[in-house]
Amino acid sequence: MIIFHIDANSAYVSWSAAALLEQGGSLDLRTVPAVVGGSQASRHGIVLAKSGPAKKYGIKTGESLFEARRKYPDLLVVPPDYDLYMSCSDAMFDIIQQYSPLVQRYSIDECFMDYTVSAPRFGDPVALAERIGGRIRRELGFTVNIGISSNKLLAKMASELEKPDRIHTLFPEEIEAKMWPLPVSELFMVGRATASRLASINVGTIGELAAMDRRQLRAMFKSHGERIGQYANGIDSSPVVPNDRVRQKGIGNSMTVFYDVTDRRELLAYLLSLCERTGARLRALGARASLVSVWLRTDAFLSRQHQRQMPFYTDQTSEIYRVAAGLMEECWRGEPIRQLGVGVGSLSRIGQEQISFFDDPKTSGVRSVDLWVDRIRKRYGDGAVMRGVFANTTLKPMEGGVNEGQFLTMGGYGP
């Protein structure tokens, strides 16, 4: 079996850079300290993606632009464009699927391809990887890393080796030399907490994890221990499952305010504006959610997050806000707040979700109102219809009058 993992290098930054160059710009964002994130004018927001030069200054994804600018004051910031990113993802997928009928879109910027059935036609896998990478570079204006192996896990690990614009193999006979010397934190499914616990017993490399007794791993991490033990030894039997759509796991919105918010009513108004945007995007997607999450960051940069799994699916703004407000009350301890976010997850397409005894048929009228408000705002602007709570305030409906960042959570199952 021969599996490819194709991963766009610094996807959001690369795609924004390619679009700007195509429009006649002279500066390539990938060559300077640059990030995709909040507003350049307001100098607020969070870092969604960073260029290679920005990474060298210690700038990290998820930190505030304020923190990033402390590391590099002249940082270049461009806003995200999710329609552009989906178009780039689609274009990359269109090229890849010309070489195999078995292509799985794992996330917005990466795909798995089972090359086994196509090998008799296209020949040497490394030569084909060079061909695919060259086409993406010439036709789409960005680069990819391609990992090649005998299963999905090793192919993904291979693509994470030296970047950017590289092709790597990681077949079973190469594991000892190429994978085992790597820090254990670089193994798929080993997060910071797991790596920290492993470090406490002097397990610092993937090779040391591979040599651990499976009973000890299970005692420490339960079933997750068995999985990472197998992964450390390059064992994975998951198939490439063909699909032509990015599986979207969640959506949401966050905002960074210009001052410390300490008033409960004001904080709830900001929360409602985020729920309005999140609900509208959920309805535009044609999906409903059963998971709501809220997170906040204080003026001292302390972060908290709470989430709740509901026994029903919804796309109604009022229902999302009801749950989010309860979560905010659980998170907030009265400190000044500088950043607030709302997200929804566990998505299901409308008509595909399981019916619950908790569903209320009377809510169909509320949803109808939401849909009409969406249509009016789309045609006449966000300010055409607003809730009474926003009247006579500087708070703009759907935006909160502050810098707002949208995000998508996309991905697939397993490696």
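Aspartate 213 caps the N-terminal end of H11, with a side-chain oxygen 2.7 Å from the backbone nitrogen of arginine 215. Helices are DSSP runs (H or I) of at least four residues and strands are runs (E) of at least two, numbered from the N terminus. The model is predicted: local features need pLDDT of at least 70, side-chain atom pairs count only at pLDDT 80 or more, and totals for chains, interfaces and linings use all residues. Residues are numbered from 1 along each chain as its sequence is written, and side-chain values use heavy atoms, with hydrogens and water left out.

**Helix H11**
- The buried residues (under 20% relative accessible area, 1.4 Å probe, protein chains only) of helix H11, residues 214–221, are Leu217, Met220 and Phe221.
- Because these buried residues fall within an arc of 75 degrees seen down the axis of H11, they line one face of the helix; the arc is taken from the directions from the helix axis to the C-beta atoms.
- The face turned away from the buried side carries Arg215 and Ala219, which are exposed (over 50%).
- The buried residues of H11 pack against helices H9 (192–199), H10 (206–210) and H12 (223–232).

**The whole chain**
- The protein chain has 15 helices and 13 strands.
- Of its 415 residues, 51% count as buried.
- Among contacts (heavy atoms within 4.5 Å) with a separation of 6 or more, 65% join residues 24 or more positions apart.

Definitions and conventions:
Polar contact = N/O pair within 3.5 Å; in protein donor to acceptor, adjacent residues only side chain to side chain.
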